[in-house]
Amino acid sequence: MKKQLELLWELQKIDLSLKNIKEQRDRFPKEMKMLDEKENIEKERIQKEREKIELLEKERKQRESRLNLEQEKIKRAEGRMSEVKTNKEYQAMLSEIDTIKEANSRIEEEILPVMDEIDELKKDLSKREKGVGVTVEKIEAERGKLKEKMAYDDKVWNEQMERREVLSKQIESKLFKLYNTLKEKRHGVGVANVKNETCQGCFVHVPPQMFIEVQKNNALIRCPNCNRILYWDGDGKKK
Ligand SMILES: [Zn+2]
């Protein structure tokens, strides 16, 4: 019986580990998706800033081309100066040119803050781009770690499945069936070890006499509370 219980205990540990791996596998796509989302948020934020700069550049260009247009007007007006015949016409033209010049200096004044803003934004952007670069690298590393973990888990999974196959043949079929039934009903735990006179499956005390018997590991003893098969795995001090 002792050997049987030992095999069963090993099986139980393998089953718990397999359960763990399965849970990890189920979480994997979600975790990968979360990383993707994190990366997208960072990239989108940068994209928005780039768009804002583009918009401002467009505005600046529009103002500059307006300015050019007005300067063309001045040139043309100045060209016409030689053709004027009367003083009155001459004065009118001068004042026209002045008006355009005034308008131009207003446009120039308007362009300056836009250029300043563009400069500021570009500085911020390049800082943030560096930051995002670092974050994206970290995310990439996390992805790599997750994939590595998955690959490692696959390896462990296969090894444990093989061992499980061997164990399930070595364990008496009646005991194996009982274990499976208990495992299904009791959240994956069919065999529980006993520590400090307490069943580690349900954390209820076992009677002292039973505890003594369990420590011998040579009889099938079940927890009076949760019905699990009890096993003595040492008190944690030895080994
Ligand atoms: Zn119990």
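Start by selecting Arg 25 and Trp 157: the charged end of Arg 25 sits over the ring of Trp 157, 4.3 Å from the ring's centre. Keep in mind as you click around that this is a predicted model.

Next stop, the aromatic rings. How many aromatic pairs are there? The count comes to 2. For the stacked one, pick Trp 9 and Tyr 231: their ring centres are 5.0 Å apart and their planes meet at 20 degrees, under the 30 degrees needed, so the pair counts as stacked. Now zoom out and trace the chain. Trp 9 belongs to helix 1 (residues 2-80) and Tyr 231 to strand 3, so this pair ties together parts that are 222 residues apart in sequence. Are these two buried or exposed? Trp 9 is buried, with a relative accessible area of 9%, and Tyr 231 is buried too, at 6%.

Now select Phe 211 and Trp 232. This aromatic pair is edge-to-face, with 5.6 Å from centre to centre and 80 degrees between the planes. Phe 211 is in helix 4, while Trp 232 is in the segment after strand 3, 21 residues apart. Both Phe 211 and Trp 232 are buried.

Last, click on the zinc ion. Which residues hold its protein donors? Look for the SG atoms of Cys 199, Cys 202, Cys 223 and Cys 226, lying 2.2 to 2.3 Å from the zinc ion. The angles between these 4 donor atoms run from 106 to 113 degrees, which makes the arrangement tetrahedral. Along the chain, the donors follow the spacing C-x2-C-x20-C-x2-C. Cys 199 lies in strand 2 (residues 198-199) and Cys 223 in the loop between helix 4 (208-216) and strand 3 (229-231), 24 residues apart. Cys 199 and Cys 223 are both buried.

Definitions and conventions
Residues numbered from 1 in each chain as written. Predicted model: local features only at pLDDT ≥ 70, side-chain atom pairs only at ≥ 80, totals over all residues. Heavy atoms only, no water. Donors = N, O, S within 2.8 Å, 3.2 Å for Na, K, Ca; no water. Tetrahedral: all angles 85-135°; square planar, octahedral: opposite > 155°, others 65-115°. Helix = DSSP H or I, 4+ residues; strand = E, 2+ residues; numbered from the N terminus. Buried < 20%, exposed > 50% of the residue type's maximum accessible area, 1.4 Å probe, protein only. Phe/Tyr/Trp six-rings, centres within 6.5 Å; stacked < 30°, edge-to-face > 60°. Lys NZ or Arg CZ within 6 Å of the ring centre and 35° of its normal.
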